[in-house]
Amino acid sequence: MPVEIEGVTLHLAHPDELPVRWVGQEEPLRQLLAAWLMVDPRDTPMNPRLVGKPGVGKTTLAYAAGQRLGREVYIMQATVDTRPEDLLITPVIEGAGKLRYVASPLVTAMIRGGVVILDEGNRMSEKSWASLAPLLDSRRYAESIVAGIKIKANPDFRFVATLNDDASTFDLPEYIHSRLQPQILIDFPERDEEYQILQENLPFGDEKVLEYVTQFLQQAHSADERYTVRDGINIARFAMKLRSELSYLDDGSALETAILETLGEEAIRYVPRLRK
Ligand SMILES: Nc1ncnc2c1ncn2[C@@H]1O[C@H](COP(=O)(O)OP(=O)(O)OP(=O)(O)O)[C@@H](O)[C@H]1O
Ligand SMILES: [Mg+2]
């Protein structure tokens, strides 16, 4: 559905649907919702950043929070190639000498009063972040150089960024960091929660397999390994497939193979002993 802003017709993006439900860890979810609250008409919502190891659930948590607000949720994936105009409005050639202006998921959320998740935000450069500076302070607008318009955020618009702590990221400059407050940390889940997360993501999962993978993950967490529930989901999924295809494998050897082929040899030391 196109909208018109300052005489320019914009084509909007579609909201995202993630099929998964957030399980356990209410604390970071409530903190995120708190950051978005307005406690007074003179107050403004904050623009939090979610941090934590790859695969701990940052994107899932951000999505769940947006859903809990009952708003449309838009996921904007940041990459090294994300240019300032990709974040806002891109021109697309429509026919002879005609341009069509396409709004990014972020701008669509600004217009429709939705939630935007700027996912893996520190994969994009400072130059792209700079174009968001006015949006992320009390001004709450963005300027598209390409379309020549200024877009004001709907009062219901909410922003969250997820940041990764791995090697292929940029260090964000201070003026951006100071706008992405508060910082909400997602840590490894407790044992029971981890089991429930596996169950939520693999509802057809065999109880024994999920139990085994939970034990494996918990042992790896206590040794401060980087393995997360995403790895656990992959291990359980692959083990079940192996069992189904190679019927001579027992649960134990299917799981060991799955661990080995998902995470490599270093992971084998956390393999739990199977209780008969
Ligand atoms: N608390 C949770 N409830 C339900 N599912 C979860 C939870 N935590 C993690 N998951 C599942 O774990 C997987 C990884 O989560 P997600 O993609 O949100 O992690 P991430 O931190 O965004 O990872 P990355 O840093 O690679 O972007 C997903 O399949 C997600 O469904
Ligand atoms: Mg993510």
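Visitor: In which sense do S4 and S7 pair, and over how many bridges?

Guide: This is a predicted model, and in it Val73 has Val115 of S7 as its bridge partner. That pair belongs with the pairing of S4 and S7, which runs in the parallel sense over 5 bridges.

Visitor: Why is S7 described as largely enclosed by the rest of the structure?

Guide: Both faces of the strand are covered, with Val115, Ile117 and Asp119 buried on one side and Val116 and Leu118 buried on the other. S7 is therefore largely enclosed by the rest of the structure, since its buried residues number 5 of 5.

Visitor: Which element gives the largest share of the largest nonpolar core?

Guide: The largest nonpolar core has 37 residues, and those touching the most other members are Leu106, Met110, Leu118, Trp129, Leu132 and Phe159. Elements that give two or more residues to this core include strands S4 (73-77), S7 (115-119) and S10 (158-164), as well as helix H4 (105-112). The largest share, 5 residues, comes from H4.

Visitor: Which residues is Leu106 in contact with, leaving aside its neighbours within four places in sequence?

Guide: Leu106 is among the core residues that touch the most other members, and in soluble globular proteins nonpolar side chains tend to be buried together. With those sequence neighbours left aside, the contacts of Leu106 are Met76, Leu87, Leu88, Val116, Leu132, Leu135, Phe157 and Phe159.

Visitor: How many residues are in the second, separate core?

Guide: Apart from the core with 37 residues, there is a second one, whose members include Leu202, Leu210, Tyr227 and Ala236. The size of this separate core is 29 residues.

Visitor: What share of the area that ligand 1 exposes when taken alone does the protein bury?

Guide: Around ligand 1 there are 19 residues, of which Lys58, Thr59, Thr60, Asn164 and Asn201 come nearest. A polar side-chain atom of Thr60 lies 2.5 Å from an oxygen atom of the ligand, while a backbone N or O atom of Gly55 lies 2.8 Å from a ligand oxygen atom and a polar backbone atom of Gly57 is 3.0 Å from one. Taken alone, ligand 1 exposes 630 Å², and the share of this that the protein buries is 89%.

Definitions and conventions:
Residues numbered from 1 in each chain as written. Chains lettered and ligands numbered in written order. Predicted model: local features only at pLDDT ≥ 70, side-chain atom pairs only at ≥ 80, totals over all residues. Heavy atoms only, no water. Core = buried A, V, L, I, M, F, W, Y, C linked by side-chain atoms within 4.5 Å. Buried < 20%, exposed > 50% of the residue type's maximum accessible area, 1.4 Å probe, protein only. Helix = DSSP H or I, 4+ residues; strand = E, 2+ residues; numbered from the N terminus. Contact = heavy atoms within 4.5 Å. Near = heavy atom within 4 Å. Polar contact = N/O pair within 3.5 Å; in protein donor to acceptor, adjacent residues only side chain to side chain. Areas by Shrake-Rupley, 256 points an atom, 1.4 Å probe, with all protein chains shown as cover. Pairing = 2+ DSSP bridges.
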